[in-house]
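The sequence and the structure come next.

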Amino acid sequence: MATTERGRPRDPAVDERIVTAALAVYAQHGWAGFSIDAVARTAGVGKASVYLRWDSKEDLLTDAVARAFQPIAAIDTGDVRSDLIALATLLLDIYEGPHGLAARRMTVESAVTPPIAQRWQHVRRTQVATARGIVRRAIDRGELPPDTSVTLVVDTICGAAMLRPVAVPDRLRPRANATRDRYAQQLVDFVLGAAYQQNPRWSARRRTTVRA
């Protein structure tokens with residue numbers, strides 16, 4: 001975890017440079033090549049500046065990747081479709097964006113890297129619980145059938161966002177990037193349509209919620 005502040009006030013711009021550098025080093029070299037030295041060199045700061053903020057490279061990496069997912073907690077528009085589109089768009093931006101490789105590496109490497117496994121499991125549980133909360137609130141508001149599978153809704157959206165960067169061929173990448181928002185909407189409408197279809201009464205009642 002990040003260290004407590006000590007000495008003179010920290011510069012947020014330096015924090016951001018270090019985090020960005022940590023993601024870049026991890027994306028390029030993985031855990032085997034990740035070090036405070038490499039991050040400090042990439043960020044253009046001294047190692048002391050890094051240790052002022054994080055106690056270890058494990059804490060730095062976990063915090064750097066976790067920051068990308070923090071906006072999930074702010075998703076709560078009061079409308080299930082809008083909430084899920086915001087979630088899908090955020091996840092697509094994370095996994096397909098500049099630091100997507102780092103996020104995907106963490107998903108895979110954390111399971112077989114003891115120094116970061118426990119830290120990332122805690123972060124991951126929080127992320128999943130927050131995403132599931134979006135669906136649970138929709139059920140509580142009566143926007144989704146009571147028997148909606150929270151797991152299937154969340155897994156489908158999260159899984160699609162993680163898979164797309166790998167599945168789309170390089171020659172189609174520019175087009176995929178240009179249509180990312182549209183894809184997020186189509187993905188959510190597909191998932192909501194499936195959820196409503198499981199219950200005929202809800203399928204008729206909520207038909208206007210899902211738009212082509």
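## Basis and terms

A residue is called buried when its relative accessible area is under 20%, exposed when it is over 50%, and partly exposed in between, using a 1.4 Å probe and protein chains only. By that definition Ser56 is buried, because its relative accessible area is 16%.

The model is predicted: local features need pLDDT of at least 70, side-chain atom pairs count only at pLDDT 80 or more, and totals for chains, interfaces and linings use all residues. Residues are numbered from 1 along each chain as its sequence is written, and side-chain values use heavy atoms, with hydrogens and water left out.

## Fold

The chain has eleven helices and zero strands. Helices (H or I, at least four residues) and strands (E, at least two) are DSSP runs, numbered from the N terminus. Of the 212 residues in the chain, 47% are buried. Contact means heavy atoms within 4.5 Å. Among contacts with a separation of 6 or more, 68% join residues 24 or more positions apart.

## Helix α1

Helix α1 has 18 residues and reaches 26 Å from its first C-alpha to its last, close to the expected 26 Å. The expected span is 1.5 Å times one less than the number of residues. Just after α1, Gly30 takes a positive phi of about 70 degrees.

The buried residues of α1 include Val14, Ile18, Val19, Leu23 and Tyr26. Asp15 is also one of the buried residues of this helix. The cover over the buried residues of α1 includes α2, α3 (47–53), α4 and α6.

## Nonpolar core

A nonpolar core is a set of buried Ala, Val, Leu, Ile, Met, Phe, Trp, Tyr and Cys residues joined through side-chain atoms within 4.5 Å. The largest one here has 63 residues, and Leu84 and Ile157 have the most contacts inside it. Helices that each supply at least two residues of this core include α1 (12–29), α5 (80–96), α7 (114–140), α8 (150–167) and α10 (180–197). Helix α5 gives the most, with ten residues. In soluble globular proteins, nonpolar side chains tend to be buried together.

Leaving aside neighbours within four places in sequence, Leu84 is in contact with Ile134, Val135, Val153, Ile157, Val188 and Leu192.

## Cavity

On a 1 Å grid over the protein atoms alone, a cavity is a set of points where a 1.4 Å probe fits but cannot get out, and a pocket is an open set with protein on both sides within 12 Å along at least five of seven lines; lining residues have an atom within 4 Å of a point. Grid points are joined across faces, edges and corners, and a volume is the space filled by probe spheres set on the points.

The structure holds one cavity of 30 Å³ or more, and the largest cavity has a volume of about 60 Å³. Its lining consists of Phe69, Ile72, Leu91, Arg124, Gln127, Val128, Ala131, Val154 and Cys158. Helix α7 supplies the largest share of this lining, four residues. By class the lining has seven nonpolar residues, one polar and one charged. Ala, Val, Leu, Ile, Met, Phe, Trp, Tyr, Cys and Pro count as nonpolar, Asp, Glu, Lys and Arg as charged, and the others, Gly among them, as polar.

The largest pocket has a volume of about 310 Å³. Of its 15 lining residues, Thr62, Asp63, Ala66, His122 and Val123 lie nearest its centre. The elements that give two or more residues to this lining are α4 and α7, and α7 gives the most, with six residues. The lining has six nonpolar, six polar and three charged residues.

The second largest pocket has a volume of about 240 Å³. It is lined by 16 residues, with Leu23, Ala64, Arg67, Ala68 and His99 nearest its centre. Helices α1, α4, α5 and α6 give two or more residues to its lining, which by class has ten nonpolar, three polar and three charged residues.

## Two single residues

Ser56 lies in the loop between α3 and α4. Not counting residues up to four places away in sequence, Ser56 touches Ile36 and Arg119. The C-alpha atoms of Ser56 and Ser35 are separated by 9.3 Å, with the two residues 21 apart along the chain.

Is Gln127 buried or exposed? At 8% relative accessibility, Gln127 counts as buried. Gln127 is found in helix α7 and, not counting residues up to four places away in sequence, touches Phe69 and Trp120. Both Gln127 and Phe69 are among the residues that line the largest cavity.
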